[in-house]
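The sequence and structure come before the description.

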Amino acid sequence: FRSVSGDSYTFGEVNGISFMAISDGMGIGKKANEESEIAIELLERLMETNMDKSTLIKTINSILRGKSNDEIFTTLDLSFIDLYTRKLQVLKNGSPATFIKREDRVDIINSQSLPLGILENVDFNIYEEKLEDGDIIIMMSDGVLESNRKVKDLETWMKDVIMSINTQNPQTMVDEIMKIADFVSGSNPRDDMTVIATKVWRNL
């Protein structure tokens, strides 16, 4: 299997906003890794500037397009949580669904937008959700979602997988999803696999 992952990720907190991101470079191996790392490094730098989210995405897209003569295409999956209001904002560029495991259900946030670096005017929507105490936000690269080659509705399959994992621990959630994805792929995934899970809880 490839020793270099085309997926890159980051998470952190800036001025009361917690953020998580996964970027999946187009292609495989070193080139895909370099593409996704560029996007993640740009995001980390721009988060320090308090730039609004729309301008942030447009800036990353513009830099990727002008980076070199080589085409750089990469997905970017972003989640922002306001730690004071518990408002979740999700921005997607070519990335698979985000899942929110709530007390009694799993919600899906999806978008059909293109990866970054393709169009001059980047297309994206900002999805907003109000989070409750105990909610777990789960983001993944498409290698995880597409690990099951036997089902057509991959989002419903993953929703059922997440619903079946009985845990409030985000690390356990990640470990179990990865274990199931590896199993259904026959330990031979077609793409790199990355999962991030973040739990929200209220300070007393």
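Which strand gives the largest share of the lining of the largest cavity? That share, three residues, comes from strand S2 (residues 17-24). Helices (H or I, at least four residues) and strands (E, at least two) are DSSP runs, numbered from the N terminus.

The model is predicted: local features need pLDDT of at least 70 and side-chain atom pairs count only at pLDDT 80 or more, while totals for chains, interfaces and linings use all residues. Residues are numbered from 1 along each chain as its sequence is written, and side-chain values use heavy atoms, with hydrogens and water left out.

On a 1 Å grid over the protein atoms alone, a cavity is a set of points where a 1.4 Å probe fits but cannot get out, and a pocket is an open set with protein on both sides within 12 Å along at least five of seven lines; lining residues have an atom within 4 Å of a point. Grid points are joined across faces, edges and corners, and a volume is the space filled by probe spheres set on the points. By this rule there are two cavities of 30 Å³ or more.

The lining of the largest cavity consists of Ile-22, Ser-23, Asp-24, Thr-75, Asp-77, Gly-94, Ser-95, Pro-96, Met-140, Ser-141 and Asp-142. By class, these are three nonpolar, five polar and three charged residues. Ala, Val, Leu, Ile, Met, Phe, Trp, Tyr, Cys and Pro count as nonpolar, Asp, Glu, Lys and Arg as charged, and the others, Gly among them, as polar.

| Space | Volume |
|---|---|
| Largest cavity | about 50 Å³ |
| Largest pocket | about 290 Å³ |

The largest pocket has 13 lining residues, and Ile-81, Leu-83, Val-200, Trp-201 and Arg-202 lie nearest its centre. Two or more lining residues come from each of S2, strand S3 (76-82) and S9. Six residues of this pocket lining are nonpolar, three are polar and four are charged.

**The sheet**

Four strands make up an open antiparallel sheet, ordered S6-S5-S8-S9. Its edge strands, S6 (106-109) and S9 (195-199), each pair on one side only. From one strand to the next the twist averages 20 degrees. Two strands are taken to pair if DSSP finds at least two bridges between them.

S5 (residues 98-101) is joined to S6 by four antiparallel bridges, and a hairpin of four residues connects S5 to S6. Thr-98 is placed opposite Ile-109 in S6. S5 also pairs with S8 (residues 136-140), antiparallel and over three bridges. Here Ile-100 has Ile-137 of S8 as its bridge partner, and Phe-99 stands opposite Ile-138.

Both faces of S5 are covered, with Thr-98 and Ile-100 buried on one side and Phe-99 and Lys-101 buried on the other. Buried means under 20% relative accessible area, exposed over 50%, and partly exposed in between (1.4 Å probe, protein chains only).

**Helices on the sheet**

What does helix H4 touch on the sheet? Helix H4 (residues 154-164) packs against S5, S6 and S8, and its direction makes about 30 degrees with that of S5. Helix H5 (residues 170-184) touches S5, S8 and S9, with its direction at about 155 degrees to that of S9. Contact means heavy atoms within 4.5 Å; axes are lines fitted to C-alpha atoms, for helices over the stretch in contact, and angles run from 0 to 180 degrees between N-to-C directions.

Ser-164 belongs to helix H4 and is exposed, with a relative accessible area of 55%. C-alpha to C-alpha, Ser-164 and Ile-108 are 15 Å apart in space, and 56 residues apart in sequence.
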